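Subject: Structure handover

Hello,

Here is the structure for you to take over. Please open it first, then read the notes below.

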Amino acid sequence: MTSQARSSPYNVRMNSQKPLATAILLSSICIVSALRADEPQKAANPAEARHAEVAFTPIPHVEKRGTGPINMVLIPGLSCDWTVFKTFMERNADRYTMYTVTLPGFGGSEAPPAEADGQFGAWLDNAATAVWKIVADSKIEKPVIMGHSLGGHLALRIGEEHAKDIRAVVAIDGAPAFPYGDTDVDMTKEQREEMATNFGAQFKMQTPEQMAAGQKLMVQSMVTNQERGLELAEMCVKVPAATTIQYMLDLISADIREDLPKLTVPTLVTPSADSTDSAEIQQVKDLWVKQLKGAPNVTIAMFENTKHFIQDDRPAELDAAISNFLAGKPVSGYSLPAESSPASSPAE
């Protein structure tokens with residue numbers, strides 16, 4: 001059986017000839033049936049699946065914690081509210097002044113208006129705009145934008161769009177495009193939108209009970225501590241399935257790599273590799289370097305033998321990596337610099 005590098009938030013079958021061997025799992029969503037290359041499903045007009053125009057939905061809640069000298073905006077992952085960063089904020093209250101958002105639709109809040117069938121991206125656009133509106137309205141000066149999973153993707157996006165006005169970006173197990181397996185990382189936009197359409201059709205065939213049961217099992221597997229896994233699972237299943245699915249489909253269709261040259265601020269990306277096998281870990285590293293090619297000022301810090309919620313599995317090491325990075329120090333011991341050397345330091 002072909003070995004797997006289990007890199008949260010999705011399992012990737014390495015060296016597979018099929019474009020997608022397993023489904024995407026982003027922070028809190030159940031695995032679905034794999035699409036086979038030899039059994040293609042045609043999307044309806046994939047070239048027309050573009051961002052739907054929906055009314056703007058603001059951030060429903062911002063939790064401010066800490067009194068440190070560095071401003072930081074934190075963005076949770078799929079189906080998670082601000083509390084996913086609660087212990088991080090408690091540990092780092094003297095280092096940062098933190099504003100942790102809950103995205104629209106999570107934490108019991110109202111989701112954006114539904115997107116039209118076959119159209120993707122409006123909810124992610126809304127989320128990025130809504131987060132930045134918090135920065136502007138609250139006059140948060142030169143913040144670090146940090147996110148986990150889907151929040152990490154949004155942090156990278158905000159870094160591309162507002163590089164002149166932020167200090168740095170930190171993406172915890174969040175990538176510019178999903179999935180990032182070796183055979184599907186180079187999919188076109190049309191192929192990603194077709195994949196999203198196909199996944200959406202598969203989700204519609206599941207009952208709410210099936211969704212909730214699968215989601216609980218998978219979320220619990222994304223962190224080592226079982227009690228914490230149960231807490232995260234209960235948080236995520238409270239989000240309506242339709243909301244979780246729409247964000248997930250938007251993320252499947254998203255690819256912001258062409259704008260990575262605009263990500264000129266110092267950027268720290270911390271992928272997880274739930275493995276101790278050196279060959280598997282190297283494959284995961286190579287994939288992330290490929291994902292971030294073109295970003296001029298990025299450092300990739302791998303966290304090996306670690307599940308998706310790095311902030312829970314390796315809190316002290318993650319805190320140290322972020323603190324050292326923002327101080328312009330090396331993140332030694334678990335840092336893999338990308339191809340290009342940092343052009344500037346967050347401390348500058």
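A term to start with: pLDDT is the predictor's confidence in each residue, from 0 to 100. The chain averages a pLDDT of 83, and 79% of its residues score at least 70. This is a predicted model, in which local features need pLDDT of at least 70 and side-chain atom pairs count only at pLDDT 80 or more, while totals for chains, interfaces and linings use all residues. Residues are numbered from 1 along each chain as its sequence is written, and side-chain values use heavy atoms, with hydrogens and water left out.

**Confidence and make-up**

The chain has 10 helices and 12 strands. Both are DSSP runs numbered from the N terminus: helices are H or I with at least four residues, strands are E with at least two. Among these elements, strand β4 (residues 70–75) has the highest mean pLDDT, 99. Strand β2 (residues 12–13) has the lowest, 28. Over residues 1–52, pLDDT stays under 50. The model still has 167 contacts for that stretch beyond four places in sequence. A contact means heavy atoms within 4.5 Å.

Of the 348 residues, 57% count as buried. Buried is under 20% relative accessible area, exposed is over 50%, and partly exposed is in between (1.4 Å probe, protein chains only). Take contacts between residues at least 6 apart in sequence: 78% of them join residues at least 24 apart.

Two strands pair if DSSP finds at least two bridges between them. Strand β8 (residues 267–270) is joined to β7 (residues 168–172) by four bridges, and the two run parallel. Ala171 stands opposite Val269 in β8. On β10 (residues 298–300), three bridges reach β8, again in parallel. There, Val298 is the bridge partner of Thr267.

Which way do the residues of β8 point? Thr267 and Val269 point one way, Leu268 and Thr270 the other, and all are buried.

**Ile145**

Ile145 lies in strand β6 (residues 144–148). Its relative accessible area is 0%, so Ile145 is buried. Ala171 is 26 residues from Ile145 in sequence and 8.4 Å away in space, C-alpha to C-alpha.

Ser272 is in strand β9 (residues 272–273). Ser272 is buried, at 0% relative accessible area. Its side chain makes a polar contact of 2.6 Å with that of Asp173. A polar contact is a pair of N or O atoms within 3.5 Å; within protein, one must be able to donate a hydrogen and the other to accept it, and residues adjacent in sequence count only if both atoms are side-chain atoms.

Helix α8 (residues 278–291) has 14 residues. From first C-alpha to last, α8 reaches 20 Å, close to the 20 Å expected at 1.5 Å a residue. That expected span is 1.5 Å times one less than the number of residues. Asp277 caps the N-terminal end of α8, with a side-chain oxygen 3.1 Å from the backbone nitrogen of Ala279. Buried residues in α8 include Ile281, Val284, Leu287 and Trp288.

**Cysteines**

How many disulfides does the whole structure hold? The search finds zero. A disulfide is a pair of cysteine sulfur atoms within 2.5 Å. Cys80 counts as buried at 1% relative accessibility, and Cys236 at 0%.

Best wishes
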